[in-house]
Amino acid sequence: DIGVTGVQTCALPIFMLATYCLGEDDPRAAELFARVLVANDVREARLGLALARLRLNEPDAAAAALGSALARHVLDNAADTASIAGRVRHATGAPGWCGITEAGQLRIEPAGKAALVLDGRTLAAARLPRDWRSARWLEVMRDGRHLLGSPIDIAAICRTEGCVATRDGGLEGWAWHPGDPVADPVLTIRALAGGRELTL
């Protein structure tokens, strides 16, 4: 069951048709999910593409789509993600898969020892430091091999997108984290002349 968080309105019908085609017309589903991803970096479309490629017996293409979903987005609806990731891992012989949860915790499957390197710095424990959001990359490896989802693109997960405009003497706009859509962005508004500052 693939959700629709973050799909632009114009791409929503394509996404919904792709979801409908899964299991019925997998080549068409893969084509449609790929079309959605041209302009929308959406976790659900990447997971749908991974599932379609897996059903088409294209494990390497499935691993690439899944790896992008895990590397650029927080884990959501972990049961579905875990199911797809487990199937891709089995099909490719990958040493495991990894991702960052909405709570900011590192998940590694199957559980066990893994080497973690955060922006070139080796971590002693299998948990993220407090300042992990300011890092760029997290590599997660076993026996010298990257897990599916590694390296995790922390900058992509934490990025903020939005726009602002003036209207009737005020400001209006929107902002969100495409890699973590349920997280509220923290915005700071500063006066051009300096002095006043407002954080929302």
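## Overall make-up

The chain contains six helices and eleven strands, and the model that shows them is a predicted one. Of the 200 residues in the chain, 41% are buried.

Among the contacts that join residues at least 6 apart in sequence, 47% link residues at least 24 apart.

## Nonpolar cores

The largest nonpolar core has 31 residues, and the members that touch the most other members are F33, A45, L66, I84, V88 and L148. At least two residues of this core come from each of α1, α2, α3 (43–55), α4 (59–72) and α5 (78–92). Helix α3 gives the largest share, with seven residues.

The chain has one aromatic pair by the ring-centre rule. The pair is formed by F15 and F33, whose rings lie 5.8 Å apart centre to centre with 70 degrees between their planes, an arrangement that is edge-to-face. Because F15 belongs to helix α1 (residues 12–21) and F33 to helix α2, the pair ties together parts of the chain that are 18 residues apart in sequence.

Both partners are covered by the protein: F15 counts as buried because its relative accessibility is 1%, and F33 counts as buried because its value is 0%, where the cut-off for a buried residue is under 20%. F33 is also one of the residues that touch the most other members of the largest nonpolar core.

## V38, an exposed residue of helix α2

Helix α2 (residues 26–39) also holds V38. With a relative accessible area of 73%, V38 is exposed, since that word applies to values over 50%. In sequence V38 and A11 are 27 residues apart, while in space the distance between them, C-alpha to C-alpha, is 10.0 Å.

## Surface and charge

The chain exposes about 11,100 Å² of surface, and carbon and sulfur atoms supply 52% of that area. As for charge, the chain carries 22 positive and 24 negative charges, and the mean positions of these two groups are 5 Å apart.

How values were computed. Residues are numbered from 1 along each chain as its sequence is written. This is a predicted model: local features need pLDDT of at least 70, side-chain atom pairs count only at pLDDT 80 or more; totals for chains, interfaces and linings use all residues. Side-chain values use heavy atoms; hydrogens and water are left out. Helices (H or I, at least four residues) and strands (E, at least two) are DSSP runs, numbered from the N terminus. Buried means under 20% relative accessible area, exposed over 50%, partly exposed in between (1.4 Å probe, protein chains only). Rings of Phe, Tyr and Trp (its six-membered ring) pair if their centres lie within 6.5 Å; planes under 30 degrees apart count as stacked, over 60 as edge-to-face and the rest as tilted. A nonpolar core is a set of buried Ala, Val, Leu, Ile, Met, Phe, Trp, Tyr and Cys residues joined through side-chain atoms within 4.5 Å. Contact means heavy atoms within 4.5 Å. Accessible areas come from the Shrake-Rupley method with a 1.4 Å probe; for residues, only the protein chains shown count as cover. Lys and Arg count as positive and Asp and Glu as negative; His and the chain ends are not counted. The place of a charge is taken as NZ of Lys, CZ of Arg, CG of Asp or CD of Glu.
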